[in-house]
Amino acid sequence: MGAGGWALAAAALGTVLAVQVADDLDDLDDDARTGAANLARRFGAVEAAGMGLVGLLAACWIEPRLPLQASLA
């Protein structure tokens, strides 16, 4: 898999999951009003926050710089 390898891909997936969950938690009320798909509505706010936290922690464990670089981009 490309130049980064599977570890970098897994860290990127964890980072994307954390960012997506954070956005879904932020948009929870708007998405409920419009009926838009949302991870927090599908699984629950606490469960979605837990998924995002696990994704972020996994990304930090695999490639510690990636989540920080993504948050600064």
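Biologist: Which residues does Gly55 touch, not counting residues up to four places away in sequence?

Modeller: This is a predicted model, where local features need pLDDT of at least 70, side-chain atom pairs count only at pLDDT 80 or more, and totals for chains, interfaces and linings use all residues. Residues are numbered from 1 along each chain as its sequence is written, and side-chain values use heavy atoms, with hydrogens and water left out. Gly55 is found in helix α4, helices being DSSP runs of H or I with at least four residues, numbered from the N terminus. With contact meaning heavy atoms within 4.5 Å, Gly55 touches Gly14, Thr15 and Leu17.

Biologist: Is Gly55 buried or exposed, and what is its relative accessible area?

Modeller: Buried means under 20% relative accessible area, exposed over 50%, and partly exposed in between (1.4 Å probe, protein chains only). Gly55 counts as buried because its relative accessible area is 6%.

Biologist: Which helices do the buried residues of α1 pack against?

Modeller: Helix α1 covers residues 5-26. Its buried residues are Ala11, Gly14, Thr15, Ala18, Val21 and Asp24. They pack against α2 (28-34), α3 (39-43), α4 (45-62) and α5 (65-72).

Biologist: How far apart are the closest N and O atoms of Arg33 and Asp30?

Modeller: Side chains of opposite charge can pair when their charged atoms come close. A salt bridge here is a side-chain nitrogen of Lys or Arg within 4 Å of a carboxyl oxygen of Asp or Glu. Arg33 and Asp30 are three residues apart in helix α2, so they are separated by about one helical turn. They form a salt bridge, and the closest N and O atoms are apart by 2.8 Å.

Definitions and conventions: Helices (H or I, at least four residues) and strands (E, at least two) are DSSP runs, numbered from the N terminus. The expected span of a helix is 1.5 Å times one less than its number of residues.
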